[in-house]
Amino acid sequence: MNQNKLNELQAHLRANEIDWAYLSDPGHIAYFSGYHSEPHERILALFVPQLGEPFLFTPALEVEAAGESGWPYEIFGYLDSENPYQIIADTIKKRSHFLNKFAFEKGSLTLKNYELFTSYFSADFSADLTPVIQKLQLVKTPEEISLLLEAGSWADVAFEIGFSAIKAGATESEVVAEIEYQLKKRGVAQMSFDTIVLSGANAAKPHGNPGSTVLEENKFVLFDLGVVWKGYCSDATRTVSFKEPNDFDRKIHQICLEAQLNAQAAVRPGITAEKLDQVARNTIDSYGYGEYFNHRLGHGIGTTVHEFPSLVEGNDLVLEEGMCFSLEPGIYIPGKVGVRIEDCVTVTKDGCIPFTKTPKALQIFG
Ligand code: MN
Ligand code: MN
């Protein structure tokens, strides 16, 4: 669990005269409590009062697992036959006599659960926790950074497995299967998203899905992957070649690499999020391929694979030591070639440290 961040959340509640916060996002619940779970349609919640002890609320079948996660405070469970909100309301009313204001995660609580919860109280329900939590998560602790580094080193292992699976006749899906099979055998329980392996022109679709396409010789293979390790995510991309590429593809790779390295070299406390995006974009623009870099430079990473800050035009957030995010320029020329190179990094006193170490210069296999 993360007692310091919980304290900061409680300080926010006191400063804003919020009596209780209702956290509903499983990634955020994991961040504060240390308990990771995906409850599907059942209720998983963390309730935090402005003073005193918070409590976790889980399906009855998860109470034991939640207790083993290291959460030191109370855990309440409910059976499928019970009304969860009756139990929650009784628990809260037993602990607080004055209930004037609640805060919710408007970015994640369903309207149905909001209506069920609020029907037990008469109070101010307008406060939104989503931006508050996003801000609390912006700067990572040294413990979080070391877990992000561990998650990153598993991504390096995944690349190694994937690169050695590049061979004539292999399909994209087979390479994905090999990566995930080998990682799971080594104790990685979960990928942070479905592994992406795309060959040739497929790599020009930034969000393409791997399928039965056989790896094309003399073309690129794009790998975008990450794992969840002790609750923290990795996310990295390498674009490599299956046998010698043509000169044009090689040039596109070189431009993308230059953009990625320029952005990485520009990272330091004091620079804004949008400025980093600009550095990468200007590099690609200077070669005339700006129109083919059609997404933001990067996103924050932590207990979830996409969080704050967003490295995008218009975000004037000033970067600080301990912030963690991806740098992932891409150049996608439809029907021809796609290249993306991505590392997640953490901002240090005078630069940054990447979480993944797999070489980024063009590698040729097969
Ligand atoms: Mn990413
Ligand atoms: Mn990625």
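Which residue bridges the manganese ion (ligand 1) and the manganese ion (ligand 2)? I found that Asp235 does, with the two ions 3.2 Å apart.

**Ground rules.** I am working on a predicted model, where local features need pLDDT of at least 70, side-chain atom pairs count only at pLDDT 80 or more, and totals for chains, interfaces and linings use all residues. Residues are numbered from 1 along each chain as its sequence is written, chains are lettered from A and ligands numbered from 1 in the order in which they are written, and side-chain values use heavy atoms, with hydrogens and water left out.

I listed donors as N, O and S atoms within 2.8 Å of the metal (3.2 Å for Na, K and Ca); water is not among the atoms, so sites may look incomplete. I placed Glu328 in the loop between strand E15 (324-327) and strand E16 (330-333), and Glu342, 14 residues apart from it, in the loop between E17 and E18. Strands (E) are DSSP runs of at least two residues, numbered from the N terminus. Glu328 and Glu342 are both buried, meaning under 20% relative accessible area with a 1.4 Å probe, protein chains only.

Asp235 lies in the loop between strand E11 (232-233) and strand E12 (236-242), 107 residues apart from Glu342. Asp235, like Glu342, is buried.

**Cysteines.** I searched the whole structure for disulfides (cysteine sulfur atoms within 2.5 Å) and got 0. Cys324 is buried at 0% relative accessible area.

**Aromatic rings.** I paired rings of Phe, Tyr and Trp (its six-membered ring) with centres within 6.5 Å, calling planes under 30 degrees apart stacked, over 60 edge-to-face and the rest tilted. The count came to 26 aromatic pairs. I looked at Trp71 and Tyr73: edge-to-face, 5.2 Å centre to centre, 75° between the planes. Trp71 is buried, at 5%. I also logged one aromatic cluster whose members include Trp20, Tyr22 and Phe47.

How values were computed: Helices (H or I, at least four residues) and strands (E, at least two) are DSSP runs, numbered from the N terminus. Buried means under 20% relative accessible area, exposed over 50%, partly exposed in between (1.4 Å probe, protein chains only).
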